[in-house]
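This report describes how two chains meet in a predicted model. The sequence and structure are shown first.

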Amino acid sequence: MSTQANIRSFLEEILNDKGDSSGFTDQQLLVTEGRLTSLDVMTIVVFLEENYGIDFSDRPFDQNEFDSVDSITALVDALTS
Amino acid sequence: MSNTRIRIIPAIDESPVLVQLAQHAGGKALLLAVFAFGLHLHDSRSWQELVLILAAMSFWPQYRRPLLTAGTLYWLSQHTNLKWGLLRNVFDAKGLAITTSWSVYSISIVVTTILFCAMYYYLVKRSRDTWLYRRPVATLLVSYILLLTIASHAPLPATQQAYLWGFLIILGHYIWYLAYSLQDRNAVPGTKFIYQLGHYQPFWGGSNTPFPKGAAYLRKIEAKNAEELAVSQLKGIKLLYWAFVLSIVLGIFNMVVYGRPFYNLALPDHLAIPYINDALAHTRSGDPYDWYINWGVLLANFIKSMLTLSVWGHIIIATCRMAGFKALRNTCSPLRSRTIAEFWNRYYYYFKELLVEFFFYPTYLRYFKTRPRLRVFMATMAAAGLGNMLYHFFRDIHIIMGLGIWGALKAFQVYIFYALLLGTAIGLSQLRNQKRKQSTHWFRTRITAPITVLGFYCITHIFGLPYPGYGLDVYFQFLMNMVNVGVI
């Protein structure tokens, strides 16, 4: 599974757990729209730490980078390349 | 998407005709007129100036950022309250009137503080690979505490004390705005400081808490085309009129519960529930109200606080949306909250976001990585506990000025207790939510869960009231009286 598909599937899982089954595009800003909360962002962080070995502890953290499938994918690509 | 719900305020932002209309000059003028009328209903004293700024931003959206800065600076010169009363007290108490004028003193303090913010912002941006770049907000907060300590205890001459306190008062007001600017240090191309400044308590209002967050967030939510601007403005109008409905509810509530006249209407009989400060004063003097009155006091104050915060936040966000920024509401259906953590998110969104950005994330990302549950709990404690306490400590700088930093810490015992209690409760709530799937049972989600959550906040909010000078014992005594347990 590609990084993008993997991330998309994980976001779907988070939203489903919250009872939010309406769809979303890869560009859709889920945090900005209020569909994902800060705790959900932390769940995504743990997912990326565990699945991609990313360490966020020593770089400026920007919640905006976790807003959409596309922005998270870009972040993973930048930090793992 | 069809929507069959009954709405008090129609979903005008979902009407294709209105969205189309709002993109033309006549439609924009109409929207501004409707918004101006809404501000007038809210008794806004400066609605004409506000509408002029909004008109400029509506008709020339390509200059939105410069107009935002110009509007904010104009508002600063005319309306924004940067604790002027407190600054004036310093000016008078230190005898500065002999050597300088009030306007020179106040303007020089504000200009110095803004210059400091700009210099710090650029210094951080240019200090890549240094401690300052990695921890700019922590450095700022620690430095601020050090300066507070110096101002409180160092034997400085009166003039130096006056300028130092003045600087700390204004910086204390802007400190979280600057913190949001610093969050933006990594952005490419980022936002120049002059445009960051447009967000330092913008003309649409706010407090020490930035509404809505910082420049990075504004870039994200800014209307990118005429249609987005139209939808944003229609949402703004909707929210402003919803705030008016809530303000009527608040007015009637105040009339029925406290006997406060509403539009020159006064009830011959009302519930005559005492105000909470009055009830606490009675408790302190050993003459508490009856237990059921105390319940009424607490409940009434909680409802009043929720309504007041909602109306206030809605007006600010409505104006922000009219300016072309599609911001989320500050308060969003708190009565629907099913968990303690959810209420925190719904009640005062931008304050919660501030604590999350500057306390929760840094703790979560750096500490307790091998212990997931402790990691969540400690990050929550850092935000709802430490961050919450620091925010209020800085905000109430007048207490530090009066009592010194150690005296103020002692006076803050009630709020420290509240922050720790809140941090613990929200932390446990987060852990509980992680463990299980959300219940979908109607009675649990709509009745028992919200009542439990609201009950918790209703009882504990007493510890978060503005400082009246009482110790923790008075608050506990008040709560003991509610269960009919007398003076211990």
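## Salt bridges

Three salt bridges are found by the rule across the interface of chain A and chain B. One of the salt bridges joins B:Lys220 to A:Asp67, with 3.5 Å between the closest N and O atoms.

## Extent of the interface

Chain A contributes 24 residues to the contact and chain B contributes 28 residues. The size of an interface is often given as the accessible area lost when the parts come together. Here, about 2,100 Å² is buried between chain A and chain B, and carbon and sulfur atoms give 53% of that area.

On the chain A side, the residues that lose the most area to chain B are A:Leu39, A:Met42 and A:Pro60. Together they account for 24% of what that side buries.

## A helix pair across the interface

Two packed helices are described by the angle between their axes and the distance between the axes.

From α2(A), the residues in contact are A:Ser38, A:Leu39, A:Val41, A:Met42, A:Val45 and A:Val46. They meet B:Lys352, B:Glu353, B:Val356, B:Phe360, B:Tyr361, B:Tyr364 and B:Leu365 in α16(B). Sorted by class, this contact of α2(A) with α16(B) has ten nonpolar residues, one polar residue and two charged residues.

Conventions:
Residues numbered from 1 in each chain as written. Chains lettered and ligands numbered in written order. Predicted model: local features only at pLDDT ≥ 70, side-chain atom pairs only at ≥ 80, totals over all residues. Heavy atoms only, no water. Contact = heavy atoms within 4.5 Å. Helix = DSSP H or I, 4+ residues; strand = E, 2+ residues; numbered from the N terminus. Nonpolar A, V, L, I, M, F, W, Y, C, P; charged D, E, K, R; others polar. Buried area = accessible area lost by both parts, 1.4 Å probe. Salt bridge = Lys/Arg side-chain N within 4 Å of Asp/Glu carboxyl O.
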